Each structure stands twice: as C-alpha cells, then as structure tokens.
Amino acid sequence: MSMGVEIDLDQRLGDFQLDVRFTAPGNGVTALFGHSGSGKTSILRAVAGLARAPRGLVRINGETWQGGKSFLPPHRRSVGYVFQEASLFPHLSVRDNLEYGWRRIPKNQRWIKFDNVVELLGIGPMLKRATARLSGGERQRVAIGRALLTSPQILLMDEPLSALDHGAKQAIFPYLESLHDEFAIPSLYVSHDPNEVARLGDHMVLLADGKVVAQGDAATLLTRLDLPLASFDDAVSVIEGFVSAHDLTYHLTWIGTEAGRFAVSREDLPVGKHARVEIRARDVSLALHPHSDTSILNILPSKVVDTRDISPSQLLARLELADGQTLLARLTRHSAVALGLREGMELYAQVKSVALIA
Amino acid sequence: MADVSFDWEPVWLTLELAGLSTILLLILGTPIAWWLARTTAWYKQPIAAIVALPLVLPPTVLGFYLLIMLGPQGPVGQFTDAIGLGTLPFTFEGLVVASVIYSLPFAVQPLQTAFESLGSRPMEVAATLRASPWDRFVTVVLPLARPGFLTAAVLSFAHTIGEFGVILMIGGNIPGETKVLSIAIYDHVESLEYDQAHILAAGMLVFAFIVLLSLYLINGRLDRKATT
C-alpha cells in the first residue's frame, strides 16, 4: 500500500480552470499556498468529495476515492474537514458537535480518543456550553476536535485561522502544532499566509491560477528566489534543529544544527527535542569575517547560492549553511556591491533575531 | 342564545379535514420545497409559479377545474373510477385532495425559505462527518429548519380551515361529509340563524388569533435560543 496523497484534477468552474497534479507524503502538513482564486479550496472540496471534478484522481493511502468512473460519496471518505468558518451546528451543544462524527464511525475505527482530543485542544470547560457562547478561537478549536474525532486518514484545513484576530491566531498555533506531534495524520492545509506556512508546513504545493507552480519541501520553497514567497515583505526561512542547551545566566535556549547554533529566548524544553526556528530575511546581515565585536550572537558560515534584485534598492540572497539548510538574507544593493557579493562566495551570516516556532 | 341541539359536526369535520391536509401538505411540500431551494434547473421558476397559483387564483376557478378534472368525465375521475375508488367530488376525500392543492403554497413557501436560508454548508459539514444524505436531513436540516416547519404547518392548517369557495364548488354541502365550518356559517346566515352563526364565527376568530399568537411566540423563542 502506498502511503500518501495523490491528486490529479481537471475541472472547469465558470471561467476558472483547475488543472493540478501533485503528490503529498503520508505524514506531516502539506501547505497548499496561493492567492485567493488560485484553486486551493477547490482542491480540498474535491478531496472531500463535496465537488466532483469531471476528470480526476484522488487517492489517499492507496485507497482510490475518485478515479475513472468511480466516485466515493463524501460521507464514505475518511476525511476530517475544518472549514474557514467553524460551521458548528447551532442546534447542538459543544459535546454533541464533537460527538456528531465520532458516533458515526465504527467503534473499532475510533483510534483517536475523545478524552485525548478534549484535553489536547483544551475544550473540556466548554463541553456543556451552547456553541453561540464560544469565542472565535474556541469555535475553531471545537471544529478541529470534531473533525479529528472521526479518526480520519487525512485532515483538510481550509484557512482555519483566517477568520481569527491576531491574538486568537497566536493562541491556536500551539494546538495545531501539538496536533501534528500527537496524531500522525497527513494534512492538507490551505493558506495564503507565509508565516502560517513557515510555522506549520512541512511540505508545500504552490498554486497560481489553478495550476501547480512548485511543490516540495516547505523550507526550500520558502527561500527559492524564483518563487513569490521569498519576495514577501516579511519573508522568512525555516531552520530545523534541536534543543542543545539552556543558558541560565542569560536566559537563553540554544538551538543546535549541524551548521551552528542559534539563541532564542529561554524556553522550557527538554534538551534533544526537535525544534524549528523562523528567521526573517531582513534580520539577516552578511559579513566577510566572523566578527566578535558585535552584539549579534548567531554567526554562521554560509555560501551564497543565488541572488535576485527585488527593488531598485534591495536584493535577496539565498545562502546555504554548512549542513545544506537554506537561509534568506535581504540587504541593500549598496551593501551587496560593497561586499562584492556573488554566487559561490563564502561569508558569514549574522542573524539578529530568531523565533522558535515549534 | 343557541339552542341545546347545537350542531358540532361541522367543527369536527373541519378539524379532521385541516389536520389531515396539514399532514399531507408537510409530507408532500417538504420534497417540493427542498427541490425548489436546491435546484438550478431552468424549469425551477415555472414549477415555482405553478405551486404558487392558488395564491392568486379565485378559489372558485380552482374549484371549477378540480370539479372537471376529478368528475366522472375528467381524466382523474375516470382513473379513480377505473381503479374502484369512484369519483372524488362531493366526498370528504375529494375535499382533502382539493385542500392539499389549494394550500400547497402555504406549506411550500415557508419551507423553501427555511431551506434556502440554511445554505449548503451545514449539509456539507455533516457529510464530512460521515452522515448519509438521509441522516443529514433528519439530524441537521429538520432541526435547523424547525421554525419553517412550524410556520408551514400553522399556515396550512389555518388556511384549510378558512377555505370556502373551493369547497363549495367541489364538496357541496353534505352534512357529515363535506359540510365544514365555513359552509355551516354561510348556511346559518342564509337561514337567518344569527346566534348559531355567531358561535361558529366568533369561535373561528378566537381560534385564528390564538394560532397566530402561539406561532409568533414559539418562533420568537426559537430565534432567541439561536442567538444566545
């Protein structure tokens, strides 16, 4: 049995032509990234069976949900769908909403336990409440729990955070991340927010006008200069590492990689735990020599692999660290000339600020 | 005042007719309303117009055509006769058929509005939560469209009770079979029995007011429940 997600859709919706083909691994979060109208939601609807592409293939973990003339109706597909608006049933309590799907799957398929989900998403105190009395963030957590409790083979999330304000969004991230750690369900996560992709995405499918522009490892795609993500104002790179040490004196936690270490504010995490950090392109500066007379803690040897002008005054450089991970730096063209920046050049990346995201 | 031999038969007959018609209207009106609320077919509007016809037609016109259709020379009449049911005009069953047709828009329109205002999202959510189409309808649509069902039932019931023209055309005035309240009131007035007419007419007035008041109270309560 091949684990993973295989999608091949050809669908005309009015003036819009969806023509996408991609595969996603059987684990982790695959971000479907693109502007509104790029076909992200249409893909999720086709996977869930809510819409039927005249020609299409949807295969999940080796099981064909659509292919040739066969089309499995939505209620026979093992999906957990989280809609943009929580869409809780207003006539049911929080508990009844959570149990709606849970009751409808056979007992021996309920490998995700009710109590686990309630605890993980922190919805215990709301169980008896009417859904109308929940805040936006709470509603979305219940919706996620409701989808999870069908013990799905794939989780489909359609911009689940877009209706939330900044605070509620930040509050819900940890839940989404722990979801990923706790249950190894592959998810397709629709988003148009690069920061969400950086935080949650392991893989990425980049969409534009109903077509796949690029697909692959999220950290790589985020920094590829030929793709739009790197040119965003708050473009980021993502570095994978592990918790290597805590500095009690200065209240820091060191995140280690093969290429060097990064300091973040002290986090109470066990040494050795996997960690993911986010670095904004504009927080990275370049130097020809490793300075010790600087306030910057994170200095890593790196090699310039690609550069691109993004405005008359600014330029992006894509750097490769010693362990092959990539880092994005944004600098003025003036500085680039002063450094004599060119591809293949070896220098030092100075990272002013690093944020731990998982 | 009314003499002791006050004839309650038209009252019971009317309640029986209205009750039966309402049940049939909900059973028949629900799929029609559901279809009208969902379909994108080009013939949606013509069908909607046909369903709404009884709203604008004089009841006598409707009754006249029903009489012809259901009568011994009419296509429906010949069919019912052939399968051994006899013909429907001037029977209680004929009144039920006529009432259902006459009150159809009063059942279909509130239901259609209720279904349309639900949108497709709740059904889609239920589908992704493994509910089959019938399961979705029973556990999501019915409870969410409850105010619509209530309005449809009350309007159908009240409208059937109030009909006169259609019944006069197709049912006549047979005691215990087709002599319903509205006909009985007309009869009493014709024979100058104003006391008898008063009892029935005032009774209907009070009844209509109570029905509408309870409808508004219940719908108001459902609304408050949905928004708190």
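Which strand of chain A is Leu328(A) found in? I looked that up to get my bearings, keeping in mind that this is a predicted model. Leu328(A) sits in strand E19 of chain A, which covers residues 326–332.

Next entry: is Leu328(A) buried or exposed? I found 26 other C-beta atoms within 10 Å, and the cut-off for buried is 20 or more, so Leu328(A) counts as buried.

Then I checked what Leu328(A) touches, leaving out residues up to four places away in sequence. The list includes Thr223(A), Ala230(A), Ala235(A) and Ser237(A). Ala281(A), Val284(A), Leu316(A) and Arg318(A) are on it too.

I also looked at Met345(A), 17 residues from Leu328(A) along the chain. Their C-alpha atoms are separated by 15 Å.

On to a sheet. I traced an open one of five strands in chain A, in the order E14-E13-E12-E15-E21, and its pairing is antiparallel. Strand E14 (260–265) and strand E21 (355–356) are the edges, since I see each of them pairing on one side only. Strand E13 (residues 252–257) runs antiparallel to E14(A), and six bridges join the two. For one facing pair, I noted Gly256(A) opposite Arg261(A) in E14(A).

Last entry, the contact between the chains. How many residues does each chain give? I have 18 residues from chain A and 16 residues from chain B. On the chain A side, strand E7 (79–82) and helix H2 (94–102) each supply at least two residues. Sorting that side by class, I got 11 nonpolar, five polar and two charged residues.

Key
Residues are numbered from 1 along each chain as its sequence is written. Chains are lettered from A and ligands numbered from 1 in the order in which they are written. This is a predicted model: local features need pLDDT of at least 70, side-chain atom pairs count only at pLDDT 80 or more; totals for chains, interfaces and linings use all residues. Two residues are in contact if their C-beta atoms, placed from the backbone, lie within 7 Å. Helices (H or I, at least four residues) and strands (E, at least two) are DSSP runs, numbered from the N terminus. Ala, Val, Leu, Ile, Met, Phe, Trp, Tyr, Cys and Pro count as nonpolar, Asp, Glu, Lys and Arg as charged, and the others, Gly among them, as polar. A residue is buried if 20 or more other C-beta atoms lie within 10 Å of its own, exposed if 12 or fewer, and partly exposed in between; C-beta atoms are placed from the backbone. Two strands pair if DSSP finds at least two bridges between them.
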